[in-house]
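Open the structure in your viewer and keep the sequence panel beside it. The stops below say what to select and what is there.

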Amino acid sequence: MTFDPIVEEVRARVNLVELIAGHTDLKQAGRTWKGLCPFHKERSPSFTVDPAKGFYHCFGCGAGGDAFKFAMEIHGLSFPEALETLARRVGVELPERRGNTPRDRSRRRILLDVTRAAALFFRRALKEDPRAERAREYLTGRGFSLTEALGYGLGYAPDDWESLARHLTKEGLDLDAARTTGLIAERSRGGGHYDRFRDRLMFTILDAEGTAIGFGARALGDVEGPKYINSSDSEIFHKGRGVYGLSWALKTIREQGRAVVVEGYFDVLSLHQHGFTQAVATLGTALTPDHAYQLKRYAPEVVLLFDGDDAGRKAAWRALPHFLAADVRPRAAFLPSGEDPDTLVQKQGAPALQALLDAAPPLLEHVIASRARTAGADPRARGQAMRDLAPLLTALPDPVEQDATVALAARSFQVSEDSVRKMLAARPETTRAPESVAAVPEPSIAMPPAEEALVRVLVQQPGLAELLVGTELDRSMRAPIAARFVRAAAQDPAAGTNRWLADIDDPALLRLVTGSAVDATGAPEQGTRVVTDCIRRIQRDRLRDEVEALAREISQRESRGEISELGRLQQLKIEKNRLMLALGTARAG
Ligand SMILES: [Zn+2]
C-alpha cells in the first residue's frame, strides 16, 4: 500500500480498540489493551492492542498489523475492500481512486443490490409459491424444516421463464447487472430477458461478512445439463474462490483453530445442523490455491471430510499440492462408502463423526501409504508411484520435514531412503515443485541483531529517526527489508511508523514492527544510545564484510599470479580495516 492521505485519515479516525473489541474481549492494561487472540486458539491472553501507535500484535501466533490489516485478516478482505469498510464505519467519503473509482464501487453496489433482491425473491418463492411444493418436500426428505432451510438462505427459482426478470424490472433494478451476475440472460430473438435458474433449489452464497454475492442452484426435476449451476463470475463473485458457509463457520473455526472442508452444500448444512459449525465447502469446484490461502488465514488446521470412494480420495489428493504451497498440512477423513455426513450422524451419532475428524491422519501420509499399497510388490509400479509423489516431497519447504517425510516414504515403499533421495535429485529442475509453489513468498533474509534492534527502537521512539538523516545507513544494511524501512525513516523522520511501512509488504517486518510497538519494555532514556550504537555496529559489520571480500580477492589473485592490482587492493583493505577499527572493537573475524 502506498501512502495516501485518505488512508491516513481513515486510520486516524478508526478506534482500533473498538474495532477489535467486536471480535474479542479486551481489557485495559496500562497503555495497551489485552485479550484472547482472535486469530488463534489460546487460553491466556497474548494478544495486545496499542491504540496510540495504532497496532495490534499477538505474541502467540505472530499476527499483527494496523486497523486495515485487522479488517483484511478477520473478514478476508483485500486492501481496497478493507479501506472501504473502515471508511464507511468512520464516515469518511472515499474520493476517486485508481482501480476503485466511485464508478467501480457503485457498480459493485449495483451487483450486490440485484443479488440481494434475487435472494429475497427466491426465499419468498420457497416459502409461498405453490410451484415450490416439490422443493419443500425435497428439503423435508433431507431433514430440513422450512424454517431451518430459510434460515440457511435457501430459496426456490420458480419453473418459469421470466418471473425473476419481471420482478427485478418491477423493483427498478438494473437488468444489465442481473445479466452480469448470470441471474438472467438475453433472449437471442425478439429482445427481452429470460431467467437462467428455473425450477431449482437455490443456495445463497455469502461472503465472509455475510453479504449475498451469488447462488448455487440444484436441479429438482429431471433436467438436461448439469445438476448444479452457479452464478456467473463477476466483480462480486468468483466461483473458484468462494467458500460456502464461511460466514456461519468463522466463529467456530477461530475458536477451534480448525476448519472442516466438505464436498457439497448439503454436507455443510447437515453438519451445521448437527452442531459441527466449523464446516465449509467449495462451490462445487475442486479446491484451488485461493481456497488454501483463504482457509489458512482463519485456521491453522484444515481437515478434509470427503467421500470414501475413488472420486473423493482423488479430489483430496489433488488438493494436497495447493495446501502444501500455502504451507498448510491438511488432514483427511474419509466417510464410509455410501454415507454422507448426515447419514453417518443419523446412524452412528455425532460422537462417531467427531472421532472420525479427530483421528484424521495427515493427508500427505495418507497419500504416501495409499500409493504404496496400490503399487504393491511390482517394482516398476513402485517406481512410478514414488515418482508421482516426488513433487509433494520436494514441495516441503522445511529440510527437516522433507527428510522425515522421505524416510516415511522409504519405509512405506520398503526401499532405502538413499534411493528415494537419488530419485528426487535426478528429477529435472523444472518439474521439481508443483507450479503453485511459485506463489509462496520468498522468506525474508534473516535480520542481523543490530538491524533488528534499530527497527525496534525506531518503532518505539519514532522521534529518534532524526539521528539517521544523512547517514545513508541503509546502504550498509544486510536485510533488504530492514534497509527499506530505515531509508524511509531517514528520508522523512517526521512521518512516523505507519508511513515508513507504507510501501513495504513483508510479513516478517510487520511482525517485528507490531511486536515492538506493543512491547513497552524499551527504556526511553536509552534510545539515543541504542540508535548510535546500532548505526556503529551496522557500519562496522559492513566494513568487515568488505575487508573479508577484499582479503579473498587478494588471495585468489595471488594464487593466479595476477599482481597488477594487488597493491591497490591491499591499500583499500588497510583503509577499510582502519575505518572498521575506528568504529570500535571488532568481534572475531
Ligand atoms: Zn494469535
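Begin with strand β10, residues 212-219, which pairs with β11 in the antiparallel sense over 3 bridges. This is a predicted model. Within that pairing, select A217: its bridge partner in β11 is I229.

Now widen the selection to the sheet around these strands. It is an open sheet of 4 strands in the order β6-β9-β10-β11, and the pairing is antiparallel. At the edges are β6 (154-157) and β11 (228-230); each has a single partner strand, so one side of each is left without a neighbour in the sheet. From one strand to the next, the twist averages 30°.

Next, select residues 301-307, strand β15, which runs parallel to β16 and is joined to it by 5 bridges.

The last stop is Q402, in helix α18, which covers residues 399-413. Which residues does Q402 touch, leaving aside those up to four places away in sequence? They are L393 and L396. Q402 counts as partly exposed because it has 16 C-beta neighbours inside 10 Å, while a buried residue would need 20 or more. To finish, select H167 together with Q402: they are 235 residues apart along the chain, and 58 Å separates their C-alpha atoms.

Technical notes:
Residues are numbered from 1 along each chain as its sequence is written. This is a predicted model: local features need pLDDT of at least 70, side-chain atom pairs count only at pLDDT 80 or more; totals for chains, interfaces and linings use all residues. Two strands pair if DSSP finds at least two bridges between them. Helices (H or I, at least four residues) and strands (E, at least two) are DSSP runs, numbered from the N terminus. A residue is buried if 20 or more other C-beta atoms lie within 10 Å of its own, exposed if 12 or fewer, and partly exposed in between; C-beta atoms are placed from the backbone. Two residues are in contact if their C-beta atoms, placed from the backbone, lie within 7 Å. Axes are lines fitted to C-alpha atoms, for helices over the stretch in contact, and angles run from 0 to 180 degrees between N-to-C directions.
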